[in-house]
Amino acid sequence: MKLRCAVLDDYQGVALTSADWSPLADRVDVRVLREHLADRDAVVVAVEDCEIVVIMRERTPFDAELLARLPRLRLLVTSGPRNASIDIAAARARGVVVCGTASSPEPPTELTWALLLGLARHVRTEAQALRDGGPWQSTVGTDLAGRTLGVVGLGKIGARVAAIGRAFGMDVVAWSPNLTEERAAEHGVRLAKDKTDLFASADFVSLHLVLSDRSRGVVGEPELRAMRPSAYLVNTSRAGLVDGEALVRALREGWIAGAGLDVYDTEPLPADDPLRTLPNVLALPHLGYVTEANYAVYFGEAVEDIEAFLAGTPVRELP
């Protein structure tokens, strides 16, 4: 009898065409769910008959309570090498193997610059005016050359963002809790004296920290008030890095010029969330990792994870 596998949150309907699933055809029945499941009850109804579930990043959390309601589950595959929304200990206690995949730093790097450039040149305002027959030119763009880019977190993505900033002729300054002058120098950037110094001196601040208990809320009211009224914040990392209420106040009251956002505390973003309508926000629906090449890796390695599990030799298990 075949095992059953559900692929969740395939918003674009591309999971089965992004990889070759045929090696599983005689052993696993695979079904795809395109609509987001809003709560545990909906998830249980959708996948309670499944031994295998494939999830996309952190779109659908698998906590201890949900895992306890899925007694048939034996393998949980997540795209990416980590997933903070999975209770790994609870899964392990129930005998559920949790595996991940690789993930490329290039797509979120590129999207970071799409947002940053969109803010600097008022792309949304000008494009909408052009479509609606509005004024021909109504804004004056912000130059990048000679301006300061503050990078919070100089890991795989942050370092790439910094390199592109340097290519634009920007002065790049970086900070993270453990960043040293030596590592900053390796990437050709300055180490900020401290976090406040970075926020106070930068014309654009881009966030690239891994979300953890230590980094949660690393950007709060003090940091936002330290920024210049002409400065912009870009977050393509995790919403939890920023105090969301403070950010909305900063945008409404003009502490900062605007924000480019791709991540939110609740996803999909509620219809009445102010981030959908604030005029100085350029917001995207968490597209940082959503590219053809990255999806080919995600789903291709998901198939490999399932094959390895069926062979009794799981690979890429999450610690």
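Student: How far is the sulfur of C50 from the closest cysteine sulfur, and in which residue does that closest sulfur lie?

Tutor: Bear in mind that this is a predicted model, and that a disulfide is called where two cysteine sulfur atoms lie within 2.5 Å. The sulfur of C50 has its closest cysteine partner in C5, at 6.9 Å, which is too far for a bond. For C99 the closest cysteine sulfur is likewise in C5, at 12 Å, again too far for a bond. The count of disulfides by this rule is zero.

Student: Are C50 and C99 buried or exposed?

Tutor: C50 is buried, with a relative accessible area of 1%, and C99 also counts as buried, at 0% relative accessibility.

Student: How should I read an aromatic pair, and how many are there in the whole structure?

Tutor: In general, one describes a pair of aromatic rings by how far apart the centres are and by the angle between the planes. Here the search of the whole structure finds five aromatic pairs. In one of them, the ring centres of Y289 and Y298 are 6.2 Å apart and the planes stand at 45 degrees, so this pair is tilted. Both residues are buried, Y289 with a relative accessible area of 7% and Y298 at 1%.

Student: Which residues do ring pairs link into a cluster, and which charged residue lies over the face of Y289?

Tutor: The cluster consists of Y289, Y295, Y298 and F299, linked by ring pairs. Over the face of Y289 lies R57, at 5.7 Å from the ring centre. Elsewhere in the list of such arrangements, the charged end of R59 sits over the ring of Y11, 4.2 Å from its centre.

Student: What does the largest nonpolar core contain, and which elements give two or more residues to it?

Tutor: The general idea is that in soluble globular proteins nonpolar side chains tend to be buried together. In this model the largest nonpolar core has 32 residues, and those with the most contacts inside it are F199, V205, L207, L224, L233, I256 and L275. Two or more residues of this core come from each of strand 7 (171–175), helix 8 (195–201), strand 9 (204–207), helix 10 (244–253) and strand 11 (258–261), with helix 10 giving the largest share, five residues. Another core, of 24 residues, lies apart from it and includes L37, V44, I55 and L67.

Student: Which residues is L275 in contact with, once neighbours within four places in sequence are left aside?

Tutor: With those neighbours left aside, L275 is in contact with V248, L251, L261, Y264, L269, V281 and A283.

Student: How is V47 placed, and what does V47 touch beyond residues up to four places away in sequence?

Tutor: V47 is found in helix 1 (residues 40–47) and is buried, with a relative accessible area of 1%. Not counting residues up to four places away in sequence, V47 touches A6, L8, R31, V53 and L70. By contrast, R190 is 143 residues from V47 in sequence and 50 Å from V47 in space, taken C-alpha to C-alpha.

Student: What span does helix 4 reach, and how many of its residues are buried?

Tutor: Helix 4 (residues 106–120) has 15 residues and reaches 21 Å from its first C-alpha to its last, close to the 21 Å expected at 1.5 Å a residue. The helix is mostly covered, since eleven of its 15 residues are buried, among them P107, W113 and L119. Just after helix 4, H122 takes a positive phi of about 55 degrees.

Methods. Residues are numbered from 1 along each chain as its sequence is written. This is a predicted model: local features need pLDDT of at least 70, side-chain atom pairs count only at pLDDT 80 or more; totals for chains, interfaces and linings use all residues. Side-chain values use heavy atoms; hydrogens and water are left out. Rings of Phe, Tyr and Trp (its six-membered ring) pair if their centres lie within 6.5 Å; planes under 30 degrees apart count as stacked, over 60 as edge-to-face and the rest as tilted. Buried means under 20% relative accessible area, exposed over 50%, partly exposed in between (1.4 Å probe, protein chains only). A charge sits over a ring if NZ of Lys or CZ of Arg is within 6 Å of the ring centre and within 35 degrees of the ring normal. A nonpolar core is a set of buried Ala, Val, Leu, Ile, Met, Phe, Trp, Tyr and Cys residues joined through side-chain atoms within 4.5 Å. Helices (H or I, at least four residues) and strands (E, at least two) are DSSP runs, numbered from the N terminus. Contact means heavy atoms within 4.5 Å. The expected span of a helix is 1.5 Å times one less than its number of residues.
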